[in-house]
Amino acid sequence: MAHKWVKVGVAALASSVLLFQNADLTVTPVAAAASTSTSSISSKIVKLSSSAYLNIRDVHFLMQGQGKVLVYSVSFTNNGNSSLNLIDYWLRVKTKSGKTFKTTPIDADKDIKDIPAKTTQYLTYYTVVDSQTKLTDLSFQVLKWDFSVANYERMLGTIQYPAKGTDKVAAFKDATMLYDHNKIRSAIKQSYITTDATNAYLVVNLLVENVGFQSSDLTKMNFFVQTDSLSVYNVTAAGLDQTTTIQPKERKIVTLHATIPLAVAGKALSLVVAQNDEASKVQLPVGVFALPATKPLAAAPVGKTRLVYMSGSPTNTNAGQAFLSQGTSSKDISLEFRMTNIGTASIASPALDYFIVTASGTSYPLTYEKEENAVLLPKIEKTISLAGQIPTNVNLTNAKLVVKSQATDKEKPYIIGTYALQTATQQGSLGGSFTYKDFSVKLNTVQRAPSSDHDILVATLSVTNRSTATVQIPSLGGYFMVNGVRIGTEQKAVAMDNSITIGPGVTTEFVVYSEIPYTTSIDKIAFVSTEPVQDKPGKQLYQFSAQQLSVIPSKRPEDTYAINSIGKRSTVNVLRTAIFNGATKNNFYAEFEAVNNELRSAAIAPLGGYIVDQKGIVVPVQFATVKDKLSPNGKALLSAFASIPKSFDTTSYKLILGQTLSTETGGGTQSSGSGGTTGGTGGSGADTGTDGGTTNPVLVNMVSYPLSASGPVTKTDLGDIQFAGYTLGLHYINAFLSVAGLYDVNGLKMTLDYNLAKNNDYEVISGDHKLLIEFVNQDNNHVTYSQQFGLETAGENEQALAVSENNPLTISFSDTEIQSKILRYDTYKVNVYDVFQNSKLLLASKEMNWFTTTP
């Protein structure tokens with residue numbers, strides 16, 4: 001029986017050698033790397049012949065279901081010219097007390113019978129020993145069959161485990177393991193422990209490098225944490241549950257995590273790397289690595305970088321400053337977490353969860369925008385914007401950011417890192433600014449503009465690129481708080497410039513607006529700047545604390561209103577304002593001159609406004625539509641109109657003028673440079689043009705022009721009537737009865753010559769202006785006749801007046817009852833009106849004699 005066991009044991013001993021016959025034997029084995037003495041067990045050899053020898057490479061214990069399992073590997077080296085028959089050799093394991101243990105080869109090595117010439121091969125085998133046996137108790141007797149001596153066995157030598165030897169590789173030192181018939185070099189790169197009230201959580205990042213000549217399947221690799229007293233705890237290897245092959249010369253970092261009792265966390269621990277022997281169901285330890293002294297992981301200091309491993313790649317991480325702002329019932333917290341993959345290959349962006357953990361251990365989750373199929377590219381920093389809420393009374397002194405892996409069906413979450421927090425209240429006031437990425441963001445104004453059914457709050461922001469490179473326009477948003485109460489929802493900021501990038505040192509303007517009931521009384525208003533997050537509340541950036549609404553800047557009537565938005569730069573001057581009295585309502589009319597200051601043709605930015613009297617009555621002003629672009633330095637004449645109640649105090653009132661952003665019916669915002677001047681203002685009434693489909697335009701960048709009672713100047717000279725960019729002259733006017741045949745009076749005729757000139761200073765004249773000529777007899781009946789004319793182009797049932805000089809015109813009014821209506825044929829009056837927005841604006845009036853030609 002002994003003879004049979006020897007043959008099996010020796011054959012198994014030689015089996016693993018065959019797979020490493022071309023391996024580099026200079027790599028340090030585990031036993032040599034672990035030795036604390038001047039000589040290790042692997043350095044002791046026993047000669048088998050003049051050209052062959054063996055040595056014990058590795059010896060390890062691992063407590064498992066079968067008991068305390070001893071596993072060791074033996075290296076056979078045959079330098080001879082013929083194969084070495086292993087059937088003649090075997091080993092016997094003994095202790096100092098004389099105990100002997102029967103060993104069994106692993107299944108993969110049991111059929112090896114010889115060692116080919118000029119090769120080195122390995123044999124691994126195992127046995128179960130009693131719990132008292134130590135490594136230093138063991139000796140390995142090398143025997144050979146010799147039938148010429150007693151008991152037929154001759155002792156070739158004994159290898160004693162060194163008295164001060166150990167199988168543990170020192171922390172952070174490397175060693176080469178025999179795994180999967182290959183050589184794998186490993187070392188602990190990082191190890192840390194975190195704790196809670198019941199358990200400790202160990203995380204180890206292990207280097208795995210294939211230094212052999214064939215690939216190995218790492219899914220067969222198992223890991224355990226073992227104490228010096230041989231208590232064993234299971235370890236989970238992140239990412240090794242699927243097919244993971246390591247190629248020759250390839251390096252990987254494997255992240256391991258285990259849950260251990262708190263009482264064990266402070267003891268000396270070892271990481272055991274093992275391979276499962278399928279036939280025996282025994283875990284075969286191939287390497288034992290001493291873990292560094294373990295103590296709870298300290299949070300990375302504020303602003304400092306912590307190296308972690310993400311998907312096996314070294315990654316620098318750090319947490320930015322945490323910003324707090326007071327909400328209505330809680331505090332909003334926001335901060336940034338940055339990751340830089342310092343490896344050489346891109347990796348999938350890890351699935352992580354983030355928490356704020358207070359000094360008392362209370363945890364608050366943070367949210368962020370998740371990207372599908374995101375990656376961490378080498379040497380490129382990736383920023384994760386985190387946001388969350390905490391109770392108002394929570395103190396964040398000594399709080400930390402905890403970053404965890406996300407749980408899966410097969411793996412529990414584990415802590416990636418912890419980071420100390422520095423909190424700051426991101427608050428300022430009107431005119432203040434804050435830094436956001438490469439930008440400085442300043443709040444210029446918070447204005448309130450009336451609308452048709454409500455009012456609109458408008459915040460104007462200046463964003464300056466502080467970097468030395470051109471960057472993309474940032475995505476910003478915000479919301480308002482009125483008297484401490486949040487109003488409405490977060491709104492995206494609208495860029496006032498027609499740009500997609502911002503150059504170094506360049507400033508661009510944004511506006512954020514929100515509707516409020518017009519009855520809202522505002523004592524204090526705050527604006528909270530945010531970074532929009534898709535389908536989630538935005539990340540809070542800064543709160544401009546409670547303040548009064550901005551005063552609308554006042555200008556003199558002769559002052560220019562400047563529009564400085566890139567792509568829409570222009571100036572606007574008020575040319576004329578007037579109040580025309582009506583029967584039930586009065587009419588406000590204004591004309592403006594707009595000049596395109598861009599270097600190429602561009603549409604004038606949409607304008608809007610309203611008038612307000614001393615009593616607070618607000619009337620929206622409608623601006624005529626201009627769709628045509630103006631050439632550089634080109635001018636446009638713009639018309640605006642409002643129907644005002646008789647109660648409106650025209651003795652002293654203000655015109656509020658500004659740009660408009662037209663909001664679409666679906667809730668979007670049209671660019672303020674996408675179609676010239678559109679109707680309405682931030683609630684300034686309906687569009688006077690034909691654009692349609694837009695509602696509730698928003699009025700921004702408002703200024704105020706003081707106006708006083710200025711009735712229209714009604715000219716008495718019909719020879720020089722100026723209106724809407726035209727000059728009209730009426731000459732040689734004569735009025736007489738229209739007679740058919742000799743005596744049949746059927747109406748009234750007026751004959752005249754007219755001059756019509758157009759002001760060529762203007763490329764565009766806005767609005768559809770008509771001209772109305774009215775006849776009023778000056779007796780008690782005041783019989784009145786009128787006819788409307790188109791300017792250059794006739795409308796339906798209209799006659800067009802052409803731009804011309806001394807052009808004869810006959811106006812006929814049919815009325816067979818005229819003689820019964822007119823009491824006296826003494827004098828009549830000719831009134832000339834500008835018809836705009838269905839209202840008549842009296843331009844000139846002159847009394848004349850019947851049947852007499854008036855020059």
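**Leu284.** I looked up Leu284 in this predicted model and found that Leu284 is buried, with a relative accessible area of 6%, where buried means under 20%, exposed over 50% and partly exposed in between (1.4 Å probe, protein chains only). I place Leu284 in strand S23 (residues 282-290), strands (E, at least two residues) and helices (H or I, at least four) being DSSP runs numbered from the N terminus. Apart from its neighbours within four places in sequence, Leu284 is in contact with Val71, Ile106, Tyr126, Val273, Ala274, Gln275 and Asp277, contact meaning heavy atoms within 4.5 Å. I also noted that Leu284 and Thr124 lie 8.9 Å apart, C-alpha to C-alpha, although 160 residues separate them in sequence.

**Ground rules.** Residues are numbered from 1 along each chain as its sequence is written, and side-chain values use heavy atoms, with hydrogens and water left out. Because the model is predicted, local features need pLDDT of at least 70 and side-chain atom pairs count only at pLDDT 80 or more, while totals for chains, interfaces and linings use all residues.

**Whole protein.** I counted four helices and 65 strands, and buried residues make up 52% of the 855 residues. The C-alpha trace spans about 170 × 55 × 40 Å along its principal axes. The radius of gyration is 47 Å, whereas a compact globule of 855 residues would have one near 29 Å; the value is taken over C-alpha atoms, and the globule rule is 2.2 Å times the number of residues to the power 0.38. Among contacts between residues at least 6 apart in sequence, 69% join residues at least 24 apart.

**A five-stranded sheet.** I followed an open sheet with the order S37-S38-S39-S45-S43 and antiparallel pairing, two strands being paired if DSSP finds at least two bridges between them. Strand S37 (433-436) and strand S43 (494-495) stand at the edges with a single partner strand each, so one side of each has no neighbour in the sheet. Within the sheet, ten bridges join S39 (residues 455-465) to the antiparallel S45 (residues 507-516), and Ala459 stands opposite Val512 in S45.

**Pockets.** I then turned to open space, taking a pocket as an open set of points on a 1 Å grid over the protein atoms alone, with protein on both sides within 12 Å along at least five of seven lines, and lining residues as those with an atom within 4 Å of a point. The largest pocket holds about 1,000 Å³, a volume being the space filled by probe spheres set on the points, which are joined across faces, edges and corners. Its lining has 39 residues, with Ala238, Gly239, Met310, Ser311 and Gly312 nearest the centre, and strand S21 gives the largest share, five residues. The second largest pocket has a volume of about 700 Å³; of its 28 lining residues, Thr194, Thr195, Tyr201, Lys404 and Ile415 lie nearest its centre.

**Cavities.** The largest cavity has a volume of about 70 Å³, and its lining includes Thr367, Tyr368, Glu369 and Lys539. Strand S32 (381-390) and strand S47 (536-547) each supply at least two residues of that lining.

Key:
1 Å grid on protein atoms, 1.4 Å probe; cavity = no way out; pocket = protein on both sides within 12 Å on 5 of 7 lines; lining within 4 Å.
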